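I opened my notebook to get to know a structure that was new to me. Here is what I looked up, entry by entry.

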Amino acid sequence: MKKITSTLIFLLSASSLAVQAKDREAADFSLTDTQVNLADSKRDIALNISAQYAKLAPILREKITQYDLVINADELLSGSTMNGNALRQADQHIRHAKGLDEMQDSLVQLRLADESMVADWQQGESPLFAYAPDGDDSHWDYIEAFDIQGNIHQLDVYNLPDQPVFVIGLDERKAFQAGMEQMRQTFAAHLADGTAQAKALSLTTLAETNPISTTLIKEISLQDDMEPWISGKAEVYGIVTGVDPSRDEPMLDVVEMPYLDYAESTYYPNQVVIHWDRYRWGAADMILMEHDDGTNYKDLASKLLEAATAIMKLIPDPEVQQFAIIPQITNGILSAMPDAWFTNDDDYVDVYYTLMEGQQYIGRKGASANATATFEPLIIQPR
């Protein structure tokens with residue numbers, strides 16, 4: 001199976017383009033500062049670890065098997081005699097760059113690129129140590145790797161190497177969960193004032209006595225094309241956008257979709273993705289995104305809120321347009337994202353406009369035709 005990729009160009013209608021142009025005149029938003037260059041840090045780690053392979057080999061041979069191809073940096077440091085100062089510093093830099101300073105555990109991990117490499121490596125074949133370059137993989141000329149003498153090798157981007165290769169990367173699951181929590185905290189802080197805070201608290205009380213109106217995803221799949229061997233599983237999440245039910249402010253929620261690892265596969269999660277008490281007019285949009293190593297999630301959440309709030313300020317009376325303003329909010333968020341996010345295999349995946357409360361959507365394609373999903377209403381009864 002192939003990992004999800006999103007080599008897509010997002011098409012907006014003429015009217016949406018007009019709105020987008022107006023939005024850009026109102027405020028100049030850029031997420032450039034949320035994108036951080038991690039390739040240099042990964043390269044330093046790859047070079048450092050390749051030079052200390054003799055000290056690392058025992059713990060690697062103990063931990064790496066065909067059933068588990070990954071070892072994290074904490075495990076590596078505690079189980080070997082390597083000098084770990086450079087690795088610790090690089091790991092700290094990565095956590096800071098991603099806005100996860102409070103995180104104590106290491107994010108760095110080593111992954112044997114493919115289980116087919118285990119036998120040759122265990123029998124003594126010398127490995128290479130590689131890392132994924134930054135940027136759009138369609139622009140990569142090669143994958144850089146180091147052997148244990150420190151020599152540079154240039155590996156094919158799409159064809160799996162014959163020689164065993166360890167990939168220096170991040171613990172995607174750990175980084176993803178920490179990033180999602182950071183975004184939730186930022187969005188929650190936006191609600192934590194006056195009426196909105198009271199509304200949020202009252203929803204908990206109402207949930208104990210009143211039925212809860214939700215929409216769930218029954219089935220979902222994504223398309224794909226050629227993907228570099230160095231990439232791991234995808235980590236997809238949704239950003240649900242709409243308008244707060246109690247004030248004229250945008251409402252954004254983050255939904256983890258941890259099951260959605262590969263394209264060209266169909267998943268049946270039965271996952272609740274929208275709680276309708278949180279959205280005015282019973283309408284919301286949903287943007288699908290993929291975790292990216294180079295994203296600072298704290299900054300990302302702040303920028304998305306800024307963009308959505310700026311759109312709301314352009315609309316003097318939301319009740320006149322009602323749910324027609326929600327796509328404008330979503331387009332404002334999309335227009336704030338770097339252009340590279342619409343051609344890279346990370347980040348933007350697809351977007352669903354105007355999902356309505358109580359409606360079923362069977363086999364509905366997203367606006368970019370990358371996602372196909374079935375949405376179904378669900379009323380959850382109180383205990």
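Entry: I started at arginine 184, which is partly exposed, with a relative accessible area of 29%. For this I took buried as under 20% relative accessible area, exposed as over 50% and partly exposed as in between, with a 1.4 Å probe and protein chains only. The side chain of arginine 184 meets that of glutamate 256 in a salt bridge, 3.3 Å from N to O. A salt bridge here is a side-chain nitrogen of Lys or Arg within 4 Å of a carboxyl oxygen of Asp or Glu. This pair links distant parts of the chain, since arginine 184 is in helix H7 (residues 172–191) and glutamate 256 in strand S10, 72 residues apart. Glutamate 256 counts as buried, at 19% relative accessibility. My helices (H or I, at least four residues) and strands (E, at least two) are DSSP runs, numbered from the N terminus.

**Entry: ground rules.** I noted that this is a predicted model, where local features need pLDDT of at least 70 and side-chain atom pairs count only at pLDDT 80 or more, while totals for chains, interfaces and linings use all residues. Residues are numbered from 1 along each chain as its sequence is written, and side-chain values use heavy atoms, with hydrogens and water left out.

**Entry: confidence.** I looked up pLDDT, the predictor's confidence in each residue, from 0 to 100. The protein chain has a mean of 80, and 80% of its residues reach 70 or more. Over residues 1–32 the pLDDT stays under 50, and the model has 88 contacts for them beyond four places in sequence. Residues 194–207 are also below 50, with 13 contacts beyond near neighbours in sequence. Contact means heavy atoms within 4.5 Å.

**Entry: other salt bridges.** How many salt bridges are there by this rule? I found that the count comes to six. One of them joins the side chains of lysine 63 and glutamate 75, 3.4 Å from N to O. Lysine 63 lies in helix H3 (residues 53–63) and glutamate 75 in helix H4 (residues 73–78), so the pair ties together parts twelve residues apart in sequence. Lysine 63 is partly exposed at 30%, and glutamate 75 is partly exposed at 28%.

I then turned to aspartate 91 and arginine 95, whose closest N and O atoms are 2.8 Å apart in a salt bridge. They are about one helical turn apart because four residues separate them in helix H5 (residues 85–97).

Entry: I traced an open sheet of six strands in the order S2-S3-S7-S4-S5-S6, with mixed pairing. Strand S2 (70–72) and strand S6 (152–155) are the edges, each pairing on one side only. Two strands pair if DSSP finds at least two bridges between them. Strand S5 (residues 143–146) pairs with S6 in the antiparallel sense over four bridges, and two bridges join S4 to S5, also antiparallel. Phenylalanine 146 in S5 stands opposite phenylalanine 129 and opposite isoleucine 152 in S6. Both faces of S5 are covered, with Ile143 and Ala145 buried on one side and Glu144 and Phe146 on the other. S5 and S6 form a hairpin with five residues between them, and glycine 150 in the turn has a positive phi of about 90°.

**Entry: the cores.** I took a nonpolar core as a set of buried Ala, Val, Leu, Ile, Met, Phe, Trp, Tyr and Cys residues joined through side-chain atoms within 4.5 Å. The largest has 50 residues, and those with the most contacts inside it are Leu60, Leu76 and Leu110. Leaving out residues up to four places away in sequence, leucine 76 touches residues including Ile49, Leu60 and Leu110. A second, separate core of 31 residues includes Ile239, Leu252, Ile287 and Ile325.

**Entry: one last residue.** Serine 41 lies in helix H2 and is buried at 8% relative accessible area. Beyond its neighbours within four places in sequence, serine 41 is in contact with Ala90, His93 and Ile94.
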